[in-house]
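Please look at the chain below. Keep the sequence and the 3D view side by side as you read.

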Amino acid sequence: MPVRRSGRLATLLLCTALAVCAAPAHAGPAGSSALPSVTPRAETEALYDDEEGGNADADDPAIWRNPADPGRSLVVATAKEGGLRVYDLGARRIQSIPAPPPAAPGDAPGRFNNVDLLHGLRLPGGRADLAVVSDRGHDRLRFYRIDRDRPGGPLTDVTDPAAAPVFSADQAEINEEETAYGLATWTDRSTGRSHALVSRNNRTTVALLEIVPRAGGTVGYREVRTLDLPASFRLPNGTVWSPCGEPGEMPQVEGMVVDPANGMLYAGQEDVGVWRMRADLTGGPELIDRVREYGVPAAYDEASDECLPSGADPGYGGEHLAADVEGLTLLTERDGDGYVIASSQGDDTFALYDRELGDDNEYEGGFRVTAASRALDGSEECDGAAVLNAPLGARYPDGLLVVQDGRQTPAEDGREATGFKFVDLADVMDAVDD
């Protein structure tokens, strides 16, 4: 289908081969089973992706800190066609916002994929914190003002009704579902302007959008530029490899996070690895780590609807990530150190990379989130994750990690469930430091 190309950078394909070949050599999954474990302190109610459950499917969380009363902070999370959920620090739901209906009968319904936060955006009525959401169903961003004590719930929709699709030219293209997917927000410290970085479903494109307050108190956006990550890779043995997918699908990005200290974007290309690039999408991306399956030949099998290996592993994959790479989040420390945390969905682990560029984002360790009891299970097949290294009242005085659980303990009737786990950040740091 046709793609708008205003402001698009040149497509980056095999020209990134030098960056790719610089990544660490494959050494197999040895050691992943020996990673330390932490257990959650709480979990949200189960969400069910069926008609009875409102087609709610947990995906991505964000943690909003209440500066006036940290113990009354919030977790805002997406539930795809189920819309948004807002939880208190006890993992209790305090607000549910439905996704918008289809534009017309037969069109795609709203589908909230990822969420991130913007702090202190200047609006006509004063500065405000916003939850920003990628609406995959309508190919748009949506904005929700956060007011902890507002009657009826802390989130209010302030999306500009005239906001245009991010990638699609019309509703017919929107219905093809190559729409807004992953999301990270970012405020450029040199200009004070706020942005969203948005990836595209089934494509390698990442778009940089400037977030624009409107006179009536709503919030919109405009495209600045886009960048295409590679869809194929030249391997050291001279062959060209492309990650397997359904016909017409390309290796997409979902998990993204920006380090505000240096303006670097980290983006997880699900079947490839973790990229580092400038958040303004200028310059070239560098692949800082690869999934173990990188370079393994595979072919799509229509009968099973799966990708099946079609050759031997050439040994060019990384050691720490198992496809898919999913949620990325940034743990900052007061001394400027910290970690980029990546969800390694394929083996139910989380990988930590040094935040500092001087250390080339080297791997620092990992952990698992495992069951605290029979009633409170761990995190499996994790999509999104969010971390906040700041006091959050008596419940989490050292901060909080929230991770999606793709296989939450099901209801008694055996329905498949998803949800979110709340983990004391002190437990994570103790486990990693050990």
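This report visits a few residues, one place at a time.

This is a predicted model, in which local features need pLDDT of at least 70, side-chain atom pairs count only at pLDDT 80 or more, and totals for chains, interfaces and linings use all residues. Residues are numbered from 1 along each chain as its sequence is written, and side-chain values use heavy atoms, with hydrogens and water left out.

**A buried leucine**

Start with leucine 74. Leucine 74 sits in strand E4, residues 74-78 (strands, E, are DSSP runs of at least two residues, numbered from the N terminus). Leucine 74 has a relative accessible area of 0%, so it is buried (buried means under 20% relative accessible area, exposed over 50%, partly exposed in between, with a 1.4 Å probe and protein chains only). Its contacts include Ala62, Ile63, Trp64, Val86 and Tyr87, with neighbours within four places in sequence left aside (contact means heavy atoms within 4.5 Å). Ile94, Ile146, Arg148 and Pro154 are also among the contacts of leucine 74. Serine 199 is 125 residues from leucine 74 in sequence and 26 Å from it in space, C-alpha to C-alpha.

**Backbone details**

Two residues have a positive phi although neither is a glycine. The table gives their values and places.

| Residue | Phi | Loop |
|---|---|---|
| Lysine 80 | about 55° | between E4 and strand E5 (84-87) |
| Aspartate 360 | about 55° | between strand E25 (349-354) and strand E26 (363-369) |

Lysine 80 counts as buried because its relative accessible area is 11%. Another detail is the peptide bond from alanine 323 to aspartate 324, which is cis, with omega near 10°.

**A buried charge**

Aspartate 324 lies in the loop between E22 and strand E23 (325-332). What is the nearest side chain of opposite charge to aspartate 324? The answer is lysine 80, 10 Å away. Aspartate 324 is buried yet has no salt bridge (a side-chain nitrogen of Lys or Arg within 4 Å of a carboxyl oxygen of Asp or Glu). Leaving out residues up to four places away in sequence, aspartate 324 touches Glu270, Asp271, Ser343, Ser344, Gln345 and Gly346.

**A charged patch**

Now turn to the surface. There Glu246, Glu249, Glu302, Asp305 and Glu306 gather in a patch of negative charge (patch residues have over 30% relative accessible area and no salt bridge, and like charges are joined within 9 Å). Glutamate 302 lies in the loop between strand E21 (298-301) and strand E22 (306-309). Glutamate 302 counts as exposed because its relative accessibility is 68%.

Note on methods. Patches are made of residues with over 30% relative accessible area and no salt bridge: like charges are joined within 9 Å, nonpolar side chains (Val, Leu, Ile, Met, Phe, Trp, Tyr) within 5 Å. Accessible areas come from the Shrake-Rupley method with a 1.4 Å probe; for residues, only the protein chains shown count as cover. Lys and Arg count as positive and Asp and Glu as negative; His and the chain ends are not counted. The place of a charge is taken as NZ of Lys, CZ of Arg, CG of Asp or CD of Glu. Helices (H or I, at least four residues) and strands (E, at least two) are DSSP runs, numbered from the N terminus.
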